[in-house]
Amino acid sequence: MMDTPRQKSFAVQKAERKNDSLFLYSERGVLRISPKSESVIRISYAEETDTIPGVKGLGVSYDEPYKDWTLTETADEYII
């Protein structure tokens, strides 16, 4: 019988706040959530790596970091 390869998981293995962003790490890659104001967030994802490339994305013109946000972590969720 042939074994099928196990798919890498999107489940968050580690979370950390750094440089005014929240980074969520999984087996598949890293997700960066960057609050830009009270009503705007920027989301970046890179697969098969643990870093986000330094390429400036389209659509978000906020250059100043927004530091007035909090992170609450429970057993099964992260709340910004």
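**View 1. Arg28 and its salt-bridge partner Glu47.** In this predicted model, Arg28 has a relative accessible area of 17% and therefore counts as buried, since that class takes in residues under 20%. The side chain of Arg28 meets the side chain of Glu47 in a salt bridge, with a distance of 3.0 Å from N to O. This pair links distant parts of the chain, as Glu47 belongs to strand E4 whereas Arg28 lies in the loop between E2 and E3, and the two are 19 residues apart. Glu47, with a relative accessible area of 40%, is partly exposed.

**View 2. The open sheet of four strands.** Four strands make up an open sheet, in which the order is E1-E2-E3-E4 and the pairing is antiparallel. The edges are formed by strand E1 (14–18) and strand E4 (41–47), each of which pairs on one side only. On average, and with direction ignored, neighbouring strands of this sheet are turned by 15° against each other.

**View 3. Strand E3 and its two partners.** Strand E3, which covers residues 29–35, is mostly covered, for six of its seven residues are buried. Strand E2 (residues 21–25) is joined to E3 by four bridges, and these two strands run antiparallel; between them lie three residues, and together they form a hairpin. Within this pairing, Tyr25 stands opposite Val30 in E3. E3 also pairs with E4 in the antiparallel sense, here over seven bridges, and this hairpin has five residues between its strands. Looking along this second pairing, one finds that Leu31 has Tyr45 in E4 as its bridge partner, while the bridge partner of Pro35 in E4 is Ile41.

**View 4. The surroundings of Ser44.** Ser44 has its place in strand E4, and because its relative accessible area is 11%, this residue counts as buried. When its neighbours within four places in sequence are left aside, Ser44 is in contact with Val30, Leu31, Arg32 and Ile52.

**View 5. The rings of Phe23 and Tyr25.** A pair of aromatic rings is described by the distance of the centres and the angle of the planes. In this model the count comes to one aromatic pair. The centres of the rings of Phe23 and Tyr25 are 6.4 Å apart and their planes stand at 15°, so this pair is stacked. Phe23 and Tyr25 are both buried.

**View 6. Charged side chains over aromatic rings.** Lys18 lies over the face of Phe23, at a distance of 5.0 Å from the ring centre. Lys18 also forms a salt bridge with Glu16, in which the closest N and O atoms are 3.6 Å apart.

**View 7. The salt bridge between Glu48 and Lys8.** The model has four salt bridges by count, and one of them joins Glu48 to Lys8, with the closest N and O atoms 3.0 Å apart. Here, too, distant parts of the chain are linked, since Glu48 lies in the loop between E4 and strand E5 (72–73) and Lys8 in the segment before E1, 40 residues apart. Glu48 is exposed, with a relative accessible area of 54%, whereas Lys8, at 40%, is partly exposed.

Definitions and conventions: Residues numbered from 1 in each chain as written. Predicted model: local features only at pLDDT ≥ 70, side-chain atom pairs only at ≥ 80, totals over all residues. Heavy atoms only, no water. Pairing = 2+ DSSP bridges. Axes fitted to C-alpha atoms, helices over the stretch in contact; angles between N-to-C directions. Buried < 20%, exposed > 50% of the residue type's maximum accessible area, 1.4 Å probe, protein only. Contact = heavy atoms within 4.5 Å. Phe/Tyr/Trp six-rings, centres within 6.5 Å; stacked < 30°, edge-to-face > 60°. Lys NZ or Arg CZ within 6 Å of the ring centre and 35° of its normal.
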